[in-house]
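Welcome! Have a look at the sequence and the 3D picture below, and keep them open while you read.

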Amino acid sequence: MTSTTTWKLFSDGGSRGNPGPSACSYALFDPAGNLRDKCGNYLGEATNNHAEYCGLLAGVEAAVKAGTTELDCYLDSELVVKQMKGEYRIKDANLKSIADKIKELQINFIKLSFNHVPREKNQIADRLVNETLDAVKLL
């Protein structure tokens with residue numbers, strides 16, 4: 001059961017080529033379901049996993065800034081979810097560094113969960129990644 005004070009974060013990352021031009025994004029919803037913040041960031045040359053982690057970190061930082069203390073994070077990257085839950089080890093030092101930053105932010109939350117969702121349930125964040133990459137391609 002979801003608490004009436006729990007916010008929802010949908011984050012995503014993508015790379016066109018792996019590595020290749022990459023972007024990350026998030027969409028943050030308050031407990032009433034209102035979109036409170038969204039962002040897409042171009043990352044330059046990076047791997048898909050790096051972009052996924054950057055999207056999650058940016059979204060968690062936005063949630064901290066918004067003052068929420070209960071956050072359910074939704075990602076379509078099963079790997080990142082399992083790594084953040086401690087089910088899989090993070091071997092890459094750069095990804096571990098980003099994961100450590102996210103873990104450091106946990107002190108701001110009473111509740112912080114990581115949940116895998118299919119891409120169809122992560123449409124806003126997925127669209128933001130693609131719009132960001134398309135915009136850079138046009139430059």
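In this predicted model, Glu131 forms a salt bridge with Arg127, and their closest N and O atoms are 3.7 Å apart. Both residues belong to helix H4, where they sit 4 residues apart, about one turn of the helix. An α-helix has 3.6 residues a turn, so residues three or four places apart point the same way.

**Salt bridges**

- Glu131 is partly exposed, with a relative accessible area of 42%, and Arg127 is partly exposed too, at 44%.
- Some bridges share partners: Glu78, Lys82 and Glu87 are joined into one network this way.
- How many salt bridges turn up in a search of the whole structure? The search finds 8.
- One of them brings together the side chains of Arg16 and Asp134, at 2.9 Å from N to O. Arg16 is in the loop between S1 and S2 while Asp134 is in helix H4 (residues 123-138), so this pair ties together parts that are 118 residues apart in sequence.
- Arg16 has a relative accessible area of 37%, which makes it partly exposed; Asp134 is also partly exposed, at 36%.
- Lys111 and Asp72 meet through their side chains in another salt bridge, at 3.0 Å from N to O. Because Lys111 lies in strand S5 and Asp72 in strand S4, the pair ties together parts that are 39 residues apart in sequence.
- Are these two partners buried or exposed? Lys111 is partly exposed, with a relative accessible area of 26%, whereas Asp72 counts as buried at 5%.

**Aromatic pairs**

- The count of aromatic pairs comes to 2.
- In the pair of Phe10 and Phe29, the ring centres are 5.9 Å apart and the planes stand at 90 degrees, so the arrangement is edge-to-face. Phe10 is in strand S1 (residues 7-15) and Phe29 in strand S2 (residues 20-29), so the contact ties together parts 19 residues apart in sequence.
- Phe10 and Phe29 are both buried.
- Phe10 also pairs with Tyr74: the ring centres are 5.0 Å apart and the planes are at 20 degrees, so this pair is stacked. With Phe10 in strand S1 and Tyr74 in strand S4, the pair ties together parts that are 64 residues apart in sequence.
- Tyr74 is buried, as Phe10 is.
- Through these ring pairs, Phe10, Phe29 and Tyr74 form a cluster.

**The nonpolar cores**

- The largest nonpolar core has 28 residues, and those touching the most other members are Tyr53, Leu56, Val60, Leu71, Cys73 and Ile102.
- Which elements give two or more residues to this core? They are S1, S2, helix H1 (48-66), S4, helix H2 (78-84), helix H3 (93-105) and strand S5 (111-116).
- H1 gives the most to this core, with 8 residues.
- A second, separate core has 6 residues, including Phe10, Phe29, Tyr74 and Ala125.
- Beyond its neighbours within four places in sequence, Leu56 is in contact with residues that include Leu9, Cys73, Ile102 and Phe114.

**A closer look at Cys73**

- Cys73 is part of strand S4 (residues 70-75), and it counts as buried because its relative accessibility is 0%.
- Setting aside neighbours within four places in sequence, Cys73 is in contact with Leu9, Leu56, Val60, Leu112, Ser113, Phe114 and Asn115.
- Cys73 and Pro31 are 42 residues apart in sequence, and their C-alpha atoms are 13 Å apart in space.

- Among the buried residues of H1 are Tyr53, Leu56, Leu57 and Val60.
- Just after H1, Gly67 takes a positive phi of about 90 degrees.
- Thr68 has its place in the loop between H1 and S4. Is Thr68 buried or exposed? At 4% relative accessibility, Thr68 counts as buried.
- The side chains of Thr68 and Trp7 are joined by a polar contact of 3.4 Å.
- Leaving aside neighbours within four places in sequence, the residues in contact with Thr68 are Thr5, Trp7, Ala63, Asn108 and Phe109.

How values were computed:
Residues are numbered from 1 along each chain as its sequence is written. This is a predicted model: local features need pLDDT of at least 70, side-chain atom pairs count only at pLDDT 80 or more; totals for chains, interfaces and linings use all residues. Side-chain values use heavy atoms; hydrogens and water are left out. Buried means under 20% relative accessible area, exposed over 50%, partly exposed in between (1.4 Å probe, protein chains only). Contact means heavy atoms within 4.5 Å. Rings of Phe, Tyr and Trp (its six-membered ring) pair if their centres lie within 6.5 Å; planes under 30 degrees apart count as stacked, over 60 as edge-to-face and the rest as tilted. A nonpolar core is a set of buried Ala, Val, Leu, Ile, Met, Phe, Trp, Tyr and Cys residues joined through side-chain atoms within 4.5 Å. A polar contact is a pair of N or O atoms within 3.5 Å; within protein, one must be able to donate a hydrogen and the other to accept it, and residues adjacent in sequence count only if both atoms are side-chain atoms. A salt bridge is a side-chain nitrogen of Lys or Arg within 4 Å of a carboxyl oxygen of Asp or Glu.
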